[in-house]
Amino acid sequence: MHTTVGPAAIYWRDRDTVSGNYHVVATLTQMVNPAHPEAFGILIGGKNLADSAQQYTYFLVRPVDGMYSIRRRASYTTRPTAVVEWTASDAVTRSDSTGKANNELSIEVRGGRARFMVNGKEVYAGDAATLDVNGVVGYRVNHNLDVHLGPLGIHKL
């Protein structure tokens with residue numbers, strides 16, 4: 001799927017619901033550099049996504065500056081809580097001279113732990129009980145981005 005957005009958006013299918021031990025993976029491609037650093041990525045643990053009580057954990061990258069962040073949204077009307085603030089990582093593929101960048105994001109939930117990986121390199125691991133991990137999985141794309149969203153792989157472990 002390809003998206004060119006103004007406001008931030010989330011994309012999901014209710015049938016893409018998972019719990020327990022699983023691995024979610026997708027390759028996302030920024031097509032052009034945004035006017036200022038913006039991010040995109042994947043979400044897990046989605047509940048009530050179509051209304052103001054939406055809840056999910058999301059994992060984002062910013063290729064323009066090589067950073068990632070992990071956040072939790074508890075409702076549409078409150079600001080997300082940072083699990084990991086914006087952090088530089090050499091795992092994030094930075095934008096080339098045309099603004100293009102491919103990054104594979106994955107989240108593995110197993111044995112009570114959640115591992116977050118960029119291009120196969122773990123950037124964070126934490127207690128799954130402190131995150132929203134059971135529910136719908138999908139994508140999140142922030143403001144004013146042009147991004148290709150590769151297929152979302154959902155694998156029970």
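For sorting residues I count Ala, Val, Leu, Ile, Met, Phe, Trp, Tyr, Cys and Pro as nonpolar, Asp, Glu, Lys and Arg as charged, and the others, Gly among them, as polar.

I note that the model is predicted, that local features need pLDDT of at least 70 and side-chain atom pairs pLDDT 80 or more, and that totals for chains, interfaces and linings use all residues. Residues are numbered from 1 along each chain as its sequence is written, and side-chain values use heavy atoms, with hydrogens and water left out.

**Entry: the largest pocket**

I looked up the largest pocket, where a pocket is an open set of points on a 1 Å grid over the protein atoms alone, a 1.4 Å probe fitting at each point, with protein on both sides within 12 Å along at least five of seven lines. Its space comes to about 480 Å³, a volume being the space filled by probe spheres set on points joined across faces, edges and corners. It is lined by 23 residues, of which Y58, R73, P80, R140 and N142 are the closest to its centre; a lining residue has an atom within 4 Å of a point. I sorted the lining into 14 nonpolar, three polar and six charged residues. Strands here are DSSP runs of E, at least two residues long, numbered from the N terminus. At least two lining residues come from each of β2 (9-18), β5 (55-62) and β6 (67-73), and β5 gives the largest share, with four.

**Entry: two residues compared with the cut-offs**

I call a residue buried under 20% relative accessible area, exposed over 50% and partly exposed in between, using a 1.4 Å probe and protein chains only. D16, in strand β2, is buried because its relative accessible area is 12%. Beyond four places in sequence, D16 touches G135, V136, V137 and I154, contact meaning heavy atoms within 4.5 Å. A74 sits in the loop between β6 and β7 (81-88) and is exposed because its value is 55%.

**Entry: salt bridges**

I counted eight salt bridges, each a side-chain nitrogen of Lys or Arg within 4 Å of a carboxyl oxygen of Asp or Glu. D65 and R62 pair at 2.7 Å, N to O, and R62 is buried, at 13%. R115 meets E108 at 3.4 Å and E122 at 2.5 Å. Shared partners join E108, R110, R115 and E122 into one network.
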